[in-house]
Structures are given as structure tokens and as C-alpha cells.
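Please open the structure in your viewer and keep the sequence beside it, so that each selection can be followed in both. The tour moves from the chain as a whole to single residues.

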Amino acid sequence: SLEVLIMINILIAGMVGVMSFIFFNLGINVNSINRIIINTPKQIFESSTYLVDEETPYLYFNEDKLFEQLTNYYSKSFEKYVEDFELKLYFLNASDKTFCLNSKCNYVNVEIKAYLFLDYTFDQSIFYEIRGEYRG
């Protein structure tokens, strides 16, 4: 009957409206998270470096300090967009991009996984390399 068809149309229209709102909101959150990651301040990376010795004037990453500073930055920046996030840092040698097995790492791959609505996750990676000599 006509009344049943009208009720079905209203139900479908309501579902489409709710789903549109959910996906619009999700899109805004993903865009905001992406901007936060892309605009990660270089100062975080620069302040997490150290000079190994004066004879070899090259800077290297302080792995613990960098992890702590990035975690603090993303925790504050993501708090209104995500439920939780994971942060993984992979330290490499800049010359050949192999895993750095000592404390003289000058290249980092930062992987971020943000947990959004339901089971949706957003994954992004950024790279940072220390170039040149320390000129203290």
C-alpha cells in the first residue's frame, strides 16, 4: 500500500542522511589528522639530536627523546580527532637506508596509525633525515 511505501522511503532517506553525516565527519577528521602529521614541527626532530663527539662533527637522533616528544605532540594534537593511535619509529642510516644498529642514526621513518570511528584506521608515514655537519 501507499502508506508502507512512504514509510520505507522515509526510513531510507533517514538512513542516507545519517550515513552522509557520519562519512562527512569521518572525512573531516581524516583531513585534520593528515594535516597534523604533514605539519609536524621540524623543531621536534631538531631538538632530538645530539653530537656524538667533537672529532666526528655529525648530529644523530636521540631515539628516546624523539619518541617522547612525538608522542606528546601527537597526543595533544589528536585528542579531539581519534580514540587512540600507535607510533612506531624506525631508525636508519641515511647513506644506504639500512636499519641502524648503533646509536649513530641520522634518518628516521615515523609511522602513525590512528584509530578512528569503529574499525577504521588511518596510516601515515613521514621521514626525516639529518644532513650536513654540526657547526657549533
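Begin by colouring the charged side chains of this predicted model: the protein chain carries 11 positive and 18 negative ones, and the centres of these two sets lie 6 Å apart.

Next, show the surface of the protein chain, which exposes about 9400 Å², with carbon and sulfur atoms supplying 57% of that area. Of its 136 residues, 29% count as buried.

With the cartoon displayed, you can count three helices and five strands, and if you follow them from the N terminus, the order is α-α-β-β-α-β-β-β.

Select residues 84–92, which form strand β3, together with residues 107–115, which form strand β4; these two strands run antiparallel and are joined by nine bridges. Within this pair, look for Phe85, which stands opposite Ala114 in β4.

Which residue of β5 is the bridge partner of Val110? Zoom in on Val110 and you will find that this partner is Ile126.

Finally, move to the hairpin of β4 and β5, where five residues lie between the strands, and select Leu118, which takes a positive phi near 55°.

Notes. Residues numbered from 1 in each chain as written. Predicted model: local features only at pLDDT ≥ 70, side-chain atom pairs only at ≥ 80, totals over all residues. Heavy atoms only, no water. Pairing = 2+ DSSP bridges. Helix = DSSP H or I, 4+ residues; strand = E, 2+ residues; numbered from the N terminus. Buried < 20%, exposed > 50% of the residue type's maximum accessible area, 1.4 Å probe, protein only. Areas by Shrake-Rupley, 256 points an atom, 1.4 Å probe, with all protein chains shown as cover. Lys, Arg positive; Asp, Glu negative; His and termini not counted. Charge placed at Lys NZ, Arg CZ, Asp CG, Glu CD.
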